[in-house]
Amino acid sequence: MRWLGVMCLRCCRPVAGSGGGKSLCFQLPALARDGLTVVVSPLISLMKDQVDALQASGIAATFLNSTLKANETAERMLGLRNGKYRLLYVAPERAMLPGFLANLKEWKINLIAIDEAHCISEWGHDFRPEYRQLAQLRELFPHVPMMALTATATERVRLDIVKQLCLRNPGCYVASFNRPNLTYRVLAKDSSYKQLLSFVEGHPGDSGIVYCQSRNSAESVAARLNADGIKAEPYHAGLDAKTRTTNQELFIRDEARVICATIAFGMGINKPNVRFIVHYDMPKNIEGYYQETGRAGRDGLPSECLLLFSAGDAVKYSKFIDEISNEHERKIARQQLRRMVELAESAECRRAALLRYFGEVFREANCGACDNCMTPRETYDGTIEAQKFLSCVYRLREKSGFDFGINQIAEVLTGAESEKVRKWDHHAVSTYGIGKEHSQNEWRLIGRELIRLGYVNQLTEKFNVLQVTEVGWRTLKQRQQIHLTKPIAPKRDRRKEKHRVGESRAGGVGAIVCDEELFERLRRLRKRLADERGVPSYIVFSDVSLRQMARYYPTNESEFARISGVGERKLKDFGAVFMDSITDYLRRHSRVTF
């Protein structure tokens, strides 16, 4: 069965790109067909958010989860029995309760949508065992179309989703993973809090999320930002549920500019005007990085993503991985971490590298919206360094009969007197101490680049040991020239950089040039109306809508109806008050010509 001849409703539809419109894939069919669409989502905090947005647009939607009181649940259950709603959001745990499954059989279900479907795959970045039970829905409702959606599925994860959900001959639709309105930057950590403060101060008035590795870090960073005059709140699993909910609400309603969080925050968060994402610590995998950066710029306006990178973060994660008891899980975690480090250290276009991870080719030579494209790093003749490193990999295998990892290579090259060097008698090899002009960390950087360039293989299934590739052997024997890239270095004066909507080539919907004074006026009006209704500001209008109003100055219904995001319901509820504000503004100010 096809809807509008485009989307197969019996499909697995991994839609690339957080903010890429996944929800429309089940919301539009829910309105076009009779019956109830059931959306299974792990995001309790998001359910109310999405339902509020749907109800503001005049769509009958509801949710059932543990946040409701008994009388509220009873009222909604009655509405569901009477066919009052078109969409129902439920958590996977509730969806699989025997009593709830019995209720579903009584209601006229026209579609089951599994959101955040990567949670069902052990190859995904957020595996949740409870998601595996959802396969029973295929058995219990064999004739009901089923859809699976995710923003972060590699091909391997997509295949696993199809298998685990028992989807029958599904159509698999993969949209582009490219978020053209996002700018990606990586900075070497150097006085990380000062770097963060400078960056946030470069985005006056903007909302942003700062991701931290630990709970303590999330709280301390939030406290320091507050001390420096930037309203910030922490969010992590160690806080009680009431505090987490309060802090999230403060952020969503623009009462707090910044949320400092662990990865416990934000999966599926629907706040469209997040203008920046900062990774204070390195993410553990690319899927997590992509999803977290994808929480910026959901309205399509230019937004920035900054990663503060330190190889020390990778070392910390490696130690955590070593403590994982399951060997298969350790292998997956090591592979994911290695790919994340490669992305952070790479000198190529970050957009191209990110898209390639998800199986997509970025064909432009320069994206114009990442640090490596905007300010390419210097290269140098690294032939001698490469020869020393490749020779050392070979000599250690020749001496001991098996391969070693990058740390052992670095220790031997620098002439270290470590326990492992003495244990394997590596001070006797010809490459011992021939690289003292570099530190061990510098040799590790050189080694990782040689891996990325294909001169060396790193075998994750064998404890990350190194082997020289055929290309590496040929290069070594023929003494071919090798150019290496200088590592990322701290930029100590980002405070002088200007950050404003539209300065990047990353356009998305486009940097909407507008009357900034009117935009701020309309933003204050939006906040007041949202507070009166007890909803986030973007439920009233998005930043895109306000910027269009501040560009075109609509003062009658015909003009106002042409603004993005203005439907019949919002024209009726908010049109008059916004048009009055614009008219009043024009009495005192001249229109700006663009």
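Which residues of helix α7 (residues 155-164) are buried? They are V157, R158, D160, I161, V162 and Q164, where buried means under 20% relative accessible area, exposed over 50% and partly exposed in between (1.4 Å probe, protein chains only). The legends below concern a predicted model, in which local features need pLDDT of at least 70, side-chain atom pairs count only at pLDDT 80 or more, and totals for chains, interfaces and linings use all residues. Residues are numbered from 1 along each chain as its sequence is written, and side-chain values use heavy atoms, with hydrogens and water left out.

**View 1. The end of helix α7.** Helices (H or I, at least four residues) and strands (E, at least two) are DSSP runs, numbered from the N terminus. After α7 comes C166, which has a positive phi near 55 degrees. Among the buried residues of the helix are V157 and Q164.

**View 2. The open sheet of 6 strands.** The strand order is β9-β14-β13-β10-β12-β11, and the pairing is parallel; two strands pair if DSSP finds at least two bridges between them. At the edges lie β9 (182-188) and β11 (232-235), each of which pairs on one side only. Neighbouring strands are turned by 15 degrees against each other on average, direction ignored. Strand β11 is joined to the parallel strand β12 (residues 258-261) by 4 bridges, and Y235 has A261 of β12 as its bridge partner. In general, strands of a sheet pair through backbone hydrogen bonds, either parallel or antiparallel.

**View 3. Strand β13 and its two partners.** Strand β13 is mostly covered, with 6 of its 6 residues buried. It runs parallel to β10, to which 5 bridges join it; G208 has its bridge partner, F276, in β13. Strands β13 and β14 are also parallel and share 4 bridges, and the bridge partner of H279 in β14 is L307.

**View 4. Packing of helices α11 and α13.** Helix α11 (residues 286-293) and helix α13 (residues 327-345) pack at an angle of about 55 degrees, with their axes 8 Å apart. Axes are lines fitted to C-alpha atoms, for helices over the stretch in contact, and angles run from 0 to 180 degrees between N-to-C directions. The angle therefore makes α11 oblique to α13, given that angles under 35 degrees count as roughly parallel, over 145 as roughly antiparallel, 65 to 115 as roughly perpendicular and the rest as oblique. I286, E287 and Y289 of α11 meet Q336, R339, M340 and L343 of α13, contact meaning heavy atoms within 4.5 Å.

**View 5. The surroundings of K527.** This residue belongs to helix α21 (residues 516-533). K527 is classed as buried because its relative accessible area is 17%. Its side chain makes polar contacts with the side chains of E255 (2.4 Å) and D531 (2.9 Å). A polar contact is a pair of N or O atoms within 3.5 Å; within protein, one must be able to donate a hydrogen and the other to accept it, and residues adjacent in sequence count only if both atoms are side-chain atoms. Not counting residues up to four places away in sequence, K527 touches R253, D254, E255 and S537.

**View 6. The surroundings of Y455.** Y455 occupies the loop between α19 (440-452) and β16 (456-459). Y455 counts as buried because its relative accessibility is 14%. Leaving aside neighbours within four places in sequence, its contacts include L390, L450, V468 and I482.
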